Amino acid sequence: MEDRRQDSARQAALDYHEFPRPGKLEIRATKPMANGRDLARAYSPGVAEACLEIKADPTTAARYTSRGNLVAVVSNGTAVLGLGNIGALASKPVMEGKAVLFKKFANIDCFDIEVNQPDPEKLAEIVCALEPTFGAINLEDIKAPDCFIVEKICRERMNIPVFHDDQHGTAIVVGAAATNALCIAGKRFEDIKIVSTGGGAAGIACLDMLLKLGVRRENVWLCDIHGLVHEDRTVDMNPQKAAYAQATDLRSLGEVIDGADLFLGLSGPGVLTPEMVSRMAPRPIIFALANPNPEINPDQVRSVAPDAIIATGRSDFPNQVNNVLCFPFIFRGALDVGATTINDEMKIACIEGIAALARATTAAEAAAAYRGETLTFGADYLIPKPFDPRLVGVVSSAVARAAMETGVATRPLDDLEAYKRKLDSSVFRSALIMRPVFEAAATATRRIVFAEGEDERVLRAANAMLEETTDVPILIGRPDVIAMRAERAGLPIRPERDFEIVNPENDPRYRDYWETYHGLMARRGVSPDIARAIMRTNTTAIGAVMVHRNEADSLICGTFGQYSWHLQYVRQVLARDGLHPVAALSMIILEDGPLFIADTQCHNDPTPQQVMETVEGAARHVRRFGLTPKIALCSHSQFGNTDSDSGRKMRAALALLDAREPDFMYDGEMHVDAALDPELRERIFPGSRLEGVANVLVFAGTDAASGVRNALKMRAGGLEVGPILMGMGNRAHIVTPSITTRGLLNMSVLAGTPVTHYG
């Protein structure tokens, strides 16, 4: 059975690399190449202008070429992963994978370069000759001590960052993990004894970094396959090992392990025994980082030291020391300020940023990616997970700051906070477009009641509200369940202390609530008994009553169940005093910007009057995001070419709009392609009142609107903000079950914007 599983995993890995096309990388053009004009600009004669600018001022290469965002991953394949000296060609899948990680985690473009050159000095010459092409160099999987030679020569000769990730990337992540492990253990770098196994590039770099963090040189004991590195030893020595030679008669790992606070393993399996662990200091820290099999299994450690703090290099144990926590983000920060090198201050800034993130509340996106794992700071969560989206903003901006402060930045940034926001918006795609709404919401404090307060997404959104906004969350749910789920999710918030709770099972306002609901619904078939039952079981109705009674300013519901079911209770309680549900507006954030879709939920077959109201409401809401509305009325008919129901409806709505003379751009009826392609629209209907690309598509029914919405989300990678319930004066919004924590936070900010801000 085990053999079959291994064979299956092997074949799956090979298929991943082969299909649907070989390899993990491709090159795409960033500019259009659709006609002769594009060709003339991209190549001859237009390209000469860019060449001459760079010749006159070499720094402009970062403006006119991709060099400022381009990294080379260079290897000769002499020390690949746990595979050893497999050669340059066989190392290519690893280097391609490294390039993919650069792109995925930091949006850095990368070429993998595999070089058949075992001589370190000749390899360094080849790398140095690549400087005109790249903004930085990532050396990878080069054996020790050759890697030290290559890096030294390249750093001395090149005026761009050169970073050997096997050394410094590992050292940075180890430094972050050690920082937090010592915090938990109540120890200090200056006081600890370290015993390390493995005198290769990564091991030496880790020890060098730990010294920079405060460890005393005399407290470091380095062992390798030949035993302890000591002053009288001549076998397999080099200057890097000799720096850690001890003046002692002790010769083996077993002899020097007594009283060690930290074991750092970068060697091989089974090197450390449980008996050795039992002789270490109280609350020992074990970093067994050999891959694929660690120096000691975590279960063996805990058998003799249950309170040990353990990290490995494997993803199936807590605290995986993974270089992907470091290298994409340190390069991102270095490239963005045009750093000439990556110095110690930048590395330490990287360590501090990574360590601080683990001590902060876990990101909802990381929790979703690692569902079932404990992501609360402690012995089993020393460092953040690779998919924590905050890494790029926190770490890269810290690195950029350090580069600027130490004078190695050739393009210093004017506003580091703005830079961090830009990085965050590259991960949280809604962040940039939501900024005007966040700013408007900050002008007032509003009370937002969440109907499904026990949902973990709601709990995370409430925590984010408290951290990022001035609004006050109110959660409907059972206090014990909410407290338990908040604790399980690693959230610091607790009921009553941080937010108000409405307990449907036992709330002193219960009588007031059911009587209010009965008063509103008594002539619509609701008896006192039904009102009592609804106020015990229906959290959407409870939230709506709270808004009606001015105990909350806005309701957010819909994380489970049908939209129409929630809408029914919103209508019953809150659709009065001129308010009524006009339409649901969804904003889909695409690579080239946002596109608004309506009506996705409310009216299956709207009247022309309802379409007109939808268009007006959409224009009002689009302006909330600082955008100019350009609205297309979409149907099967195009400017009267088909006598269809949808066409007649949209023409009637157009006439109603024309009579009201609105102050925004709109036109119809038209197909979606005409709405999004101005040249096509001009051919079909010259002189349309709609200019440019439409950013709002209003459809003649929910089938079409919701179909386009879902297609854009699932096939075009669109991110939804909404749906926004228009016409309710911001007193209620109904989300959909697919919403994320970030989506709920965005909706809470929309709900937290005073209605006066958007008309």
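This is a predicted model: local features need pLDDT of at least 70, side-chain atom pairs count only at pLDDT 80 or more; totals for chains, interfaces and linings use all residues.

Student: What is the phi of Asp-236?

Tutor: Positive, at about 50°, although Asp-236 is not a glycine.

Student: Which side chain does Asp-236 meet in a salt bridge?

Tutor: Lys-241, with N to O at 3.1 Å. Lys-241 counts as buried, at 5% relative accessibility. That is because the cut-off for buried is under 20%.

Student: Where does Asp-577 lie? It has a positive phi too.

Tutor: Asp-577 is in the loop between helix H25 (563-574) and E15. Its phi is about 55°, and Asp-577 is not a glycine either.

Student: Buried or exposed, that Asp-577?

Tutor: Exposed, at 80% relative accessibility. The cut-off for exposed is over 50%, so Asp-577 qualifies.

Student: Back to salt bridges. How many does a search of the whole structure find?

Tutor: The search finds 44 salt bridges. One of them pairs Lys-103 with Asp-109, with the closest N and O atoms 2.8 Å apart. Both ends are partly exposed: Lys-103 has a relative accessible area of 39%, and Asp-109 comes in at 28%.

Student: What about Glu-669? Which side chain does it meet in a salt bridge?

Tutor: Arg-651, at 2.7 Å from N to O. Glu-669 lies in strand E18 (residues 665-670) and Arg-651 in helix H27 (residues 645-660), so the bridge ties together parts that are 18 residues apart in sequence.

Student: Is Glu-669 buried or exposed?

Tutor: Buried, with a relative accessible area of 1%. Arg-651 is partly exposed, at 30%.

Student: Which residues do salt bridges with shared partners join into one network?

Tutor: Glu-500, Asp-507, Arg-509, Arg-549 and Glu-551.

Student: New topic: the nonpolar core. How many residues are in the largest one?

Tutor: There are 100. The members that touch the most others are Ile-137, Leu-210, Phe-287, Ile-330, Phe-331, Met-346 and Ile-354.

Student: Which helix gives the largest share of this core?

Tutor: Helix H8 (residues 165-185), with 10 residues.

Student: Take Ile-354. What is it in contact with, leaving aside neighbours within four places in sequence?

Tutor: Ile-172, Ala-176, Leu-325, Cys-326, Ile-383, Pro-384, Leu-391 and Val-395. There is also another core, apart from the largest one. That one has 57 residues, including Phe-450, Ala-462, Ile-493 and Val-582.

Student: Strands next. In which sense do E15 and E16 pair?

Tutor: Antiparallel, over five bridges. E15 covers residues 583-590 and E16 covers residues 593-598. A hairpin of two residues joins E15 to E16.

Student: What stands opposite Ile-589 in E16?

Tutor: Pro-594. E16 also pairs with strand E19 (residues 696-698), this time parallel, through three bridges. There, the bridge partner of Ala-598 is Val-698.

Student: How do side chains sit in a regular strand?

Tutor: They alternate between the two faces of the sheet.

Student: What about the surface? Which residues form a nonpolar patch there?

Tutor: Met-33, Leu-39, Tyr-43 and Val-47, with about 420 Å² of accessible area together. Val-47 lies in helix H3 (residues 47-56). Val-47 is partly exposed, at 31%.

Student: And Ala-42? What does it touch, not counting residues up to four places away in sequence?

Tutor: Met-33 and Val-47. Ala-42 is in helix H2 (residues 36-42), and it counts as partly exposed at 40% relative accessibility.

Student: How many Å separate the C-alpha atoms of Ala-42 and Thr-740?

Tutor: They are 41 Å apart, with 698 residues of separation along the chain.

Student: Last one: cis peptides. Which residues does the bond with omega of about 5° join?

Tutor: Ser-44 and Pro-45. Pro-45 is in the loop between H2 and H3. Another cis bond runs from Gly-722 to Pro-723, with omega near 0°. Pro-723 has its place in strand E20 (residues 719-726).

How values were computed:
Residues are numbered from 1 along each chain as its sequence is written. Side-chain values use heavy atoms; hydrogens and water are left out. A nonpolar core is a set of buried Ala, Val, Leu, Ile, Met, Phe, Trp, Tyr and Cys residues joined through side-chain atoms within 4.5 Å. Buried means under 20% relative accessible area, exposed over 50%, partly exposed in between (1.4 Å probe, protein chains only). Helices (H or I, at least four residues) and strands (E, at least two) are DSSP runs, numbered from the N terminus. Contact means heavy atoms within 4.5 Å. Two strands pair if DSSP finds at least two bridges between them. A salt bridge is a side-chain nitrogen of Lys or Arg within 4 Å of a carboxyl oxygen of Asp or Glu. Patches are made of residues with over 30% relative accessible area and no salt bridge: like charges are joined within 9 Å, nonpolar side chains (Val, Leu, Ile, Met, Phe, Trp, Tyr) within 5 Å. Accessible areas come from the Shrake-Rupley method with a 1.4 Å probe; for residues, only the protein chains shown count as cover.
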